[in-house]
Amino acid sequence: MRKILEKWFVSLFILPIVLSYLTDYINLPIIFSNKEYSIIISLSIIIGILIYEVVVLNKRIKSFEEKPKKVDKKIINELLEILDIDKFHEEIVLQNAWYGYHRDDIHRIIEFQEKSKLIGYKTSNQNVNNLINNFVSALDEFTDYSSVRVSGKGDWLIPFKDNIDKDEREKIKLETDKMNDLTKKSFIELENLMKYLKEKDYL
């Protein structure tokens, strides 16, 4: 900002003097030969320079603000380690809900949700926070819906599909289809998050 002000003040004093000098010794177009016009033109040029410098400075500030901080990288790595993206993709997204989910995989999702909502796991980049929140919201939909439609059976959480009649079985099939849709929806939000993290060098 100081450099901008220096250029501003230098231009403010020097440019009108230069134009005034030129009008006295050189044949310039009429718009320059009139000293009042020359001052107006010089001020317009100065304002143009100032606007350009402000735009450049804002871009530099934005670039600096988006540069990942070490503490933010640490938060991101901890959260992704809890989630285990590959396991989430293989055991949740690609898994047909009809056959249930491994209990540990669901617990890992719940732990990720809880950690992500804590103030200590918020980054200084609001774009990152918003993308994480979008992903967590999609996970919330999945866990809220599935939590009352599966039951524990050893290491697995499976739909209530045993010892039921045909109509009830069809109802459960529709419910598991929705679970599959919700996991795919959450994976889209995860892809958006990962794309941003990679583009901004968080990973």
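Student: Which residues of α4 are buried?

Tutor: This is a predicted model. Helix α4 covers residues 70-83. Its buried residues are Asp72, Ile75, Ile76, Leu79, Leu80, Ile82 and Leu83.

Student: Where do these buried residues sit around the axis of α4?

Tutor: The buried residues are Asp72, Ile75, Ile76, Leu79, Leu80, Ile82 and Leu83. They cover an arc of only 155° around the axis, so they lie on the same side of α4.

Student: Which exposed residues does the face of α4 turned away from its buried side carry?

Tutor: The buried side of α4 is covered by elements that include α5 (85-93), α6 (103-116), α7 (126-146) and α8. The face turned away from that side carries the exposed residues Lys70, Val71, Lys74 and Glu81.

Student: How far apart are the end C-alpha atoms of α4?

Tutor: Helix α4 has 14 residues, and at 1.5 Å a residue it should span 20 Å. The end C-alpha atoms agree with this expectation, being 20 Å apart.

Student: Which members of the largest nonpolar core touch the most other members?

Tutor: In soluble globular proteins, nonpolar side chains tend to be buried together. The largest nonpolar core here has 34 residues, and those touching the most other members are Phe88, Phe112, Phe142, Leu190 and Leu197. The elements that give two or more residues to this core are α4, α5, α6, α7 and α8.

Student: Which residues is Phe112 in contact with, leaving aside neighbours within four places in sequence?

Tutor: Phe112 is one of the core residues that touch the most other members. With neighbours within four places in sequence left aside, Phe112 is in contact with Leu79, Ile82, Leu83, Phe135, Val136 and Leu139.

Student: Is Thr183 buried or exposed?

Tutor: Thr183 belongs to helix α8, which runs over residues 166-199. Not counting residues up to four places away in sequence, Thr183 touches Ile92, Val93, Tyr101 and Phe142. Its relative accessibility is 0%, so Thr183 counts as buried.

Student: How many bridges join β2 to β3?

Tutor: Strand β3 (residues 156-159) also pairs with strand β1 (residues 101-102), in the antiparallel sense over two bridges, and there His102 stands opposite Trp156. Strand β2 (residues 150-153) runs antiparallel to β3, with Val150 opposite Pro159. The number of bridges joining β2 to β3 is four.

Student: Which residue in the turn between β2 and β3 has a positive phi?

Tutor: Strands β2 and β3 form a hairpin, with two residues between them. In the turn, a positive phi of about 70° is found at Gly154.

Student: Which backbone nitrogen does a side-chain oxygen of Asn125 reach at the start of α7?

Tutor: Helix α7 has 21 residues that should span 30 Å at 1.5 Å a residue, and its end C-alpha atoms are 30 Å apart, which agrees. At the start of α7, the side-chain oxygen of Asn125 comes to within 2.8 Å of the backbone nitrogen of Asn127.

Conventions. Residues are numbered from 1 along each chain as its sequence is written. This is a predicted model: local features need pLDDT of at least 70, side-chain atom pairs count only at pLDDT 80 or more; totals for chains, interfaces and linings use all residues. Side-chain values use heavy atoms; hydrogens and water are left out. Buried means under 20% relative accessible area, exposed over 50%, partly exposed in between (1.4 Å probe, protein chains only). Contact means heavy atoms within 4.5 Å. The expected span of a helix is 1.5 Å times one less than its number of residues. The arc is that of the directions from the helix axis to the C-beta atoms. A nonpolar core is a set of buried Ala, Val, Leu, Ile, Met, Phe, Trp, Tyr and Cys residues joined through side-chain atoms within 4.5 Å. Two strands pair if DSSP finds at least two bridges between them. A polar contact is a pair of N or O atoms within 3.5 Å; within protein, one must be able to donate a hydrogen and the other to accept it, and residues adjacent in sequence count only if both atoms are side-chain atoms.
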